[in-house]
Amino acid sequence: MKSMTCYGSAAIPTDFGQIDISLKSVNGRYLEIRTNIPPEYLKFEGEIKKSISRVFKRGTVTLFINRKKNPLYLKTNIVLKKNLAKKWHQALLELSKELKMASKPGLQEMMQIPDLFSVEEDMAVKDKEEKLIYKILNQVIKECSQGRQREGQALQREILKYLESLENHLQGIAKQAQEQMIRLKKNLEIKTQSENGDLDQRLALDVTSQMDRADVSEEVVRLKEHLRAIKLLIQREDQVGKKLDFYTQELLREINTIGSKSQMFKMTQIVVDCKTIIEKIREQSQNVE
């Protein structure tokens with residue numbers, strides 16, 4: 001059993017700078033992968049998501065990649081927009097001619113024109129860097145997955161405590177249910193003590209019907225089966241969160257049925273305690289992958 005929450009990060013210096021990758025995962029009904037990566041890495045986004053989805057099956061996963069280029073290895077190019085320069089030069093010549101100016105526009109005047117020159121950095125991703133991206137990513141995914149496993153083991157221990165508590169409460173319910181049936185039988189004996197035979201039969205059927213409606217033995221058996229199934233489920237290493245959530249709904253349905261049949265204050269108290277414990281299990285299931 002694994003948790004859906006984790007965090008992992010790694011930073012590796014390279015010949016061209018440094019790559020920082022961090023991965024964060026929180027609870028989510030389905031698997032949702034969000035990426036915050038440099039524009040030059042967008043062509044790798046599909047494969048990056050595949051790498052994550054091969055390990056994570058549920059949760060909201062956010063990936064951050066920061067690419068830091070070393071200025072010493074950064075290639076910079078000064079780009080002149082020639083077509084724009086020609087148009088400016090032609091326009092200045094015409095203006096000089098129209099104004100009958102003796103001087104013609106020279107290089108110094110052209111240098112003052114905004115946006116005529118641009119500085120471009122070589123941000124191309126080489127094969128070596130691409131391999132490093134996946135190497136670091138797999139390292140971070142592994143770290144995150146190990147964190148999910150550790151958290152999952154803690155959740156497993158917590159849920160086992162709740163299951164043990166529910167088993168103890170079920171023993172209390174069974175005991176109270178037995179006392180409840182004894183009390184109803186006594187009522188049957190008292191009510192059927194009448195000289196009118198027809199009345200005796202009617203009362204007997206009425207009390208017998210009450211006993212049937214108050215019988216919670218089937219619900220207790222199903223609850224015990226659900227608890228055994230949950231214990232087996234949380235020992236598994238694959239995706240169990242949705243199944244665990246389903247079982248908590250079944251537990252709650254059975255315990256609610258017992259509550260509706262309860263005619264004793266002590267049994268009702270135990271039912272309320274069980275519902276509280278089941279709700280705690282349900283909350284924990286929201287954290288399970």
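The following legends describe an overview and several close-up views of a predicted model.

**Figure 1. Overall arrangement of the chain.** The model is predicted: local features need pLDDT of at least 70, side-chain atom pairs count only at pLDDT 80 or more, and totals for chains, interfaces and linings use all residues. Residues are numbered from 1 along each chain as its sequence is written, and side-chain values use heavy atoms, with hydrogens and water left out. The chain has 8 helices and 6 strands, where helices (H or I, at least four residues) and strands (E, at least two) are DSSP runs numbered from the N terminus. Their order along the sequence is β-β-β-α-β-β-α-α-β-α-α-α-α-α. Of the 289 residues in the chain, 37% are buried; buried means under 20% relative accessible area, exposed over 50%, and partly exposed in between (1.4 Å probe, protein chains only). Among contacts in the chain with a separation of 6 or more, 79% link residues 24 or more positions apart, a contact being heavy atoms within 4.5 Å.

**Figure 2. Thr 60 in strand E4.** Thr 60 belongs to strand E4, which spans residues 59–69. Its relative accessible area is 12%, so Thr 60 is buried. Apart from neighbours within four places in sequence, Thr 60 contacts Lys 24, Ser 25, Val 26, Asn 27, Gly 28, Tyr 30, Glu 32 and Arg 34.

**Figure 3. Ile 65 in strand E4.** Strand E4 also holds Ile 65, which counts as buried because its relative accessibility is 8%. Ile 19 lies 46 residues from Ile 65 in sequence, with 7.2 Å between the two C-alpha atoms. Not counting residues up to four places away in sequence, Ile 65 touches Ile 19, Asp 20, Ile 21, Asn 36, Ile 37, Pro 38, Tyr 41 and Ile 48.

**Figure 4. Packing of helices H7 and H8.** The axes of H7 and H8 are 9 Å apart and meet at an angle of about 170°; axes are lines fitted to C-alpha atoms, for helices over the stretch in contact, and angles run from 0 to 180 degrees between N-to-C directions. The two helices, H7 and H8, are therefore roughly antiparallel to each other, a term for angles over 145 degrees, whereas those under 35 count as roughly parallel, 65 to 115 as roughly perpendicular and the rest as oblique. Residues of H7 in this contact include Leu 244, Thr 248, Leu 251, Ile 255 and Ile 258, and those of H8 include Met 267, Val 271, Cys 274 and Ile 278. The contact residues of H7 with H8 divide into 10 nonpolar, 5 polar and 3 charged; Ala, Val, Leu, Ile, Met, Phe, Trp, Tyr, Cys and Pro count as nonpolar, Asp, Glu, Lys and Arg as charged, and the others, Gly among them, as polar.

**Figure 5. Ile 258 in helix H7.** Ile 258 is part of helix H7 and, because its relative accessibility is 0%, counts as buried. Its C-alpha atom is separated by 9.5 Å from that of Ala 177, 81 residues away along the chain. Leaving aside neighbours within four places in sequence, Ile 258 is in contact with Ile 173, Val 216, Glu 219, Val 220, Leu 223, Met 267 and Val 271.

Figure 6. The structure holds 1 cavity of 30 Å³ or more. The largest cavity contains about 40 Å³ of space. On a 1 Å grid over the protein atoms alone, a cavity is a set of points where a 1.4 Å probe fits but cannot get out, and lining residues have an atom within 4 Å of a point; grid points are joined across faces, edges and corners, and a volume is the space filled by probe spheres set on the points. Lining the largest cavity are Leu 166, Leu 170, Leu 223, Leu 227, Leu 251, Ile 255, Cys 274 and Ile 278. Helices H4 (127–191), H6 (217–233), H7 (241–261) and H8 (265–285) each give two or more residues to this lining. By class, the lining has 8 nonpolar, no polar and no charged residues.

Methods: On a 1 Å grid over the protein atoms alone, a cavity is a set of points where a 1.4 Å probe fits but cannot get out, and a pocket is an open set with protein on both sides within 12 Å along at least five of seven lines; lining residues have an atom within 4 Å of a point.
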